[in-house]
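Dear colleague,

Please find below the structure that I am handing over to you.

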Amino acid sequence: MTTMEETRVETTQVYRVYIKAAPQAVWDAITKPQWTVRYGYTNYAEYDLRPGGAYVSRPSEAMIAAGERIGFPTPDVVVDGEVIEVDPPRRLVQTWRMLMDPASAAEGFTRLTYEIEETQEGVSRLTVIHDLEGAPALAALVGGKLEDAGEGAGGGWAWVLSDLKSVLETGSPLSTS
């Protein structure tokens, strides 16, 4: 393996979850603000679903309140980016920049890919690929390392996808706090 390939392995995070839901339901849960506010960090995701279209994630009142409880100010836009590729309900590729954390924001844009595939009737496999080249602070955050260290930053993609699965399968998030 070359040094470049070794770096890519270390800086690309891949998450996969199987969800008892049709691909369109998973797609909607990722791209529609009335869904995104129900799981994970409870943000409102707004997509212009065309190549070159904007992606903006705004905080919910619950997200702002959670930040205040730990003394963390929440900006008006928590994540932004641009749509690169869109193939509903199968694939979405975008840039992704976390604005809540100054260190992550300074690292710039990363590349995020959602792949949705029906594996059997009524069951979808959601694979999230986050290319974090040159973004070590964001890699730690979305990888759940800060939660593991007791820093209260949440469980990253693993937690978000677990919560998404719970909402789609049961109608309820993992936690109400």
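Which residue is the bridge partner of Val93 in E6? The partner is Thr113. Before going further, please note that this is a predicted model, in which local features need pLDDT of at least 70 and side-chain atom pairs count only at pLDDT 80 or more, while totals for chains, interfaces and linings use all residues. Residues are numbered from 1 along each chain as its sequence is written, and side-chain values use heavy atoms, with hydrogens and water left out.

Confidence

The term pLDDT stands for the predictor's confidence in each residue, from 0 to 100. Its mean over the chain is 89, and 88% of the residues reach 70 or more. Over residues 1-9, however, pLDDT stays under 50, and the model has 5 contacts beyond four places in sequence for them; a contact means heavy atoms within 4.5 Å. Where pLDDT is low, the predicted coordinates should not be read in detail.

Overall picture

The chain has 8 helices and 7 strands. Helices (H or I, at least four residues) and strands (E, at least two) are DSSP runs, numbered from the N terminus. Of the 177 residues, 42% count as buried. Buried means under 20% relative accessible area, exposed means over 50%, and partly exposed lies in between (1.4 Å probe, protein chains only). Among the contacts with a separation of 6 or more, 49% are between residues 24 or more positions apart.

Strands

Two strands pair if DSSP finds at least two bridges between them. Strand E5 (residues 91-98) and strand E6 (residues 110-120) run antiparallel and are joined by 6 bridges; the pair of Val93 and Thr113 belongs here. E6 is also joined to strand E7 (residues 123-131) by 9 bridges, again antiparallel, and Ile116 stands opposite Leu126 in E7. The hairpin of E6 and E7 has 2 residues between the strands, and Gly122 takes a positive phi near 85 degrees there.

Strand E2 (residues 43-47) runs antiparallel to strand E3 (residues 54-59), with 5 bridges between them. The bridge partner of Asn43 in E3 is Pro59. These two strands form a hairpin with 6 residues between them, and Gly52 in the turn has a positive phi of about 90 degrees. E3 pairs in the antiparallel sense with strand E4 (residues 79-87) as well, over 4 bridges, and Val56 stands opposite Asp80 in E4.

Core and aromatic rings

A nonpolar core is a set of buried Ala, Val, Leu, Ile, Met, Phe, Trp, Tyr and Cys residues joined through side-chain atoms within 4.5 Å. The largest one has 37 residues, and those with the most contacts inside it are Ile30, Trp96, Tyr114, Leu126, Trp157 and Leu164. The largest share of this core, 6 residues, comes from H8. Leu126 touches residues that include Val26, Ile30, Tyr114, Ile116 and Leu164, not counting residues up to four places away in sequence. In soluble globular proteins, nonpolar side chains tend to be buried together.

Rings of Phe, Tyr and Trp (its six-membered ring) pair if their centres lie within 6.5 Å; planes under 30 degrees apart count as stacked, over 60 as edge-to-face and the rest as tilted. By this rule there are 4 aromatic pairs. The pair of Tyr47 and Tyr55 is tilted, because the ring centres are 4.6 Å apart and the planes are at 35 degrees. Both Tyr47 and Tyr55 are buried. Trp96, Tyr114 and Trp157 form one aromatic cluster.

H2 is mostly covered, with 7 of its 9 residues buried; among them are Val26, Trp27 and Ile30. In the loop between helix H2 (23-31) and H3 lies Lys32, which counts as partly exposed at 32% relative accessibility. Lys32 and Ala45 are 13 residues apart in sequence and 6.5 Å apart in space, C-alpha to C-alpha. Thr36, found in helix H3 (residues 33-36), is buried, with a relative accessible area of 3%. Its contacts, leaving aside neighbours within four places in sequence, include Ala29, Ile30 and Ala45.

Pro173

Pro173 is placed in the segment after helix H8 (156-170) and is partly exposed, with a relative accessible area of 29%. Pro173 and Arg38 are 135 residues apart in sequence, yet 7.0 Å apart in space, C-alpha to C-alpha.

Yours sincerely
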